[in-house]
Amino acid sequence: MNNFEFENRTKVYFGKGVVAEKLPVLAAGYGGKVLLGYGGGSVKKNGVYDEVTGILKDAGVEIVEFSGIMSNPTLEKMQEGARLAKEQGVTWILAVGGGSVMDCCKSISIAVPYDGDVWEEFWEKPGNLDFDPLPLGMIVTMPATGSEVNGSAVLTNTEKHIKTDRDYPRMNADFALMDPTYTYSMPLRQLRAGTFDILSHIMETYFSFPIEDNVSDDISEALMKGVIRDFRKALQNPEDYEARSNIMWEASMAENRVIKMGKTKDFEVHNMEHQLSAYTDCNHGEGLAVLHPTYYRHIFRDGLGKFTRFATNVWGLNPADYADEEELALAGIQALEDFIRECGLPGTLRELGVDESTDLREIADSCYTAGGAFREIRQDEIYEIYKECF
Ligand code: NZQ
Ligand code: ZN
């Protein structure tokens with residue numbers, strides 16, 4: 001294991017009925033005035049909004065509503081929420097939704113107490129978050145990003161065509177309430193995309209140094225097998241509580257920093273997807289599904305030992321059936337691609353809805369690259385990958 005520091009300050013309350021049980025106590029504790037952040041209205045259809053607002057009112061909390069947080073939340077939307085929170089003098093924030101709602105509310109939690117330009121100071125470049133954000137709670141309705149248990153928030157600056165995240169431990173929510181039954185109402189498309197996002201977070205961590213045996217990779221393999229198994233079960237029966245609760249915790253485990261300990265990490269597919277999304281507003285999990293197999297066919301020789309381990313330990317392939325390590329590694333990547341197809345996810349940029357006239361060169365040039373985990377990839381190669389994905 002490489003050296004590491006571990007910190008996670010979010011208190012998680014997990015399980016069926018957890019909102020009804022815990023929110024009254026938490027709400028009474030935070031009191032005052034809350035900014036209630038939510039998205040395009042799914043919470044009104046599935047009853048979550050009524051339940052949450054009822055509990056807040058009973059606890060004597062004044063509610064300031066901030067609705068319409070879109071998927072791939074924009075800087076403008078976040079600024080709108082921060083203005084509202086300041087004008088109304090809210091004392092805490094409660095985010096109810098998926099990653100987009102949680103990220104937007106996290107960003108608001110630091111934009112309210114900070115007088116400067118948060119985009120320039122905390123997103124455009126890594127900043128020094130040396131003040132306390134506004135207290136923040138999450139009620140998760142969609143497991144995918146793991147935003148409920150980390151300090152990361154992704155924003156899109158539409159003017160500059162940049163979608164980027166930063167992870168500040170101080171931006172972790174104070175608490176997260178996670179009731180797996182809240183996820184039953186997720187549309188199938190979101191279940192597919194969210195599940196693939198979870199798998200992607202694990203792979204982006206797993207496919208990096210060290211290649212040698214380490215606890216983080218061992219946990220990652222168990223999580224990947226779990227995600228594949230539980231997605232198949234949830235597809236058969238959307239109200240399979242075991243499957244739904246496992247998926248919800250797998251999403252958190254993938255992003256609560258545990259499996260990242262001692263790892264260099266990659267996240268180049270995320271960087272490529274974020275810029276694709278900055279230009280096309282595509283769905284995050286679907287964009288990742290398109291890019292992963294092609295990227296891995298570019299880099300597998302540079303981390304061959306890890307790719308063969310993926311093929312055998314995650315997909316159950318038998319090394320004896322393959323002529324050499326490269327063939328085995330490629331079969332593992334093919335198994336991943338087959339799973340993407342089985343999920344009903346898009347396999348090409350065309351299927352993702354990217355228009356032929358889209359300037360892939362410009363998007364590739366706009367990509368921030370962290371240098372790659374096994375090998376450095378640069379804009380020219382990113383452009384090749386985009387073209388091959390079309
Ligand atoms: O907006 P509403 O009406 O709530 O509907 C949402 C939205 O349309 C719907 N939904 C969520 N829970 C539901 C539900 N519909 C019915 N029943 C439910 N229980 O699902 C749609 C997608 O929601 P969204 O929050 O956009 O999805 P996701 O959780 O995938 O979040 C995506 C955003 O998170 C960023 C992505 O880039 C993207 O901007 N990410 C955040 C990360 C982080 N903070 O750590 C890491 C990720 O890698 C990712 O980049
Ligand atoms: Zn992701």
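This is a predicted model: local features need pLDDT of at least 70, side-chain atom pairs count only at pLDDT 80 or more; totals for chains, interfaces and linings use all residues.
Two strands count as paired if DSSP finds at least two bridges between them.

**First stop: strand β8**

Please select residues 175-178, which form strand β8. In a regular strand the side chains alternate between the two faces of the sheet. Here F175 and L177 point one way, while A176 and M178 point the other way. Each of these four residues, F175, A176, L177 and M178, is buried.

**Second stop: the partners of β8**

To locate the pairing, display K11, whose bridge partner in β8 is F175.

Next, select residues 136-140, strand β5. This strand also pairs with β8 in the parallel sense, over four bridges. Display M138 here; its bridge partner in β8 is A176.

Now select residues 284-299, helix α11, together with residues 379-389, helix α16. Two packed helices are described by the angle between their axes and the distance between the axes. For α11 and α16 the angle is about 125°, and the axes are 9 Å apart. The two helices are therefore oblique to each other. The crossing of α11 past α16 is right-handed.

Which residues make the contact? On α11, display V290, L291, T294, Y295 and H298; on α16, display E381, I385, E388 and C389. The residues of this contact comprise five nonpolar, two polar and two charged.

Methods. Residues are numbered from 1 along each chain as its sequence is written. Chains are lettered from A and ligands numbered from 1 in the order in which they are written. Axes are lines fitted to C-alpha atoms, for helices over the stretch in contact, and angles run from 0 to 180 degrees between N-to-C directions. Angles under 35 degrees count as roughly parallel, over 145 as roughly antiparallel, 65 to 115 as roughly perpendicular and the rest as oblique. A crossing is left-handed if the near helix is turned anticlockwise from the far one by less than a right angle, and right-handed if clockwise. Two residues are in contact if their C-beta atoms, placed from the backbone, lie within 7 Å. Ala, Val, Leu, Ile, Met, Phe, Trp, Tyr, Cys and Pro count as nonpolar, Asp, Glu, Lys and Arg as charged, and the others, Gly among them, as polar. A residue is buried if 20 or more other C-beta atoms lie within 10 Å of its own, exposed if 12 or fewer, and partly exposed in between; C-beta atoms are placed from the backbone.
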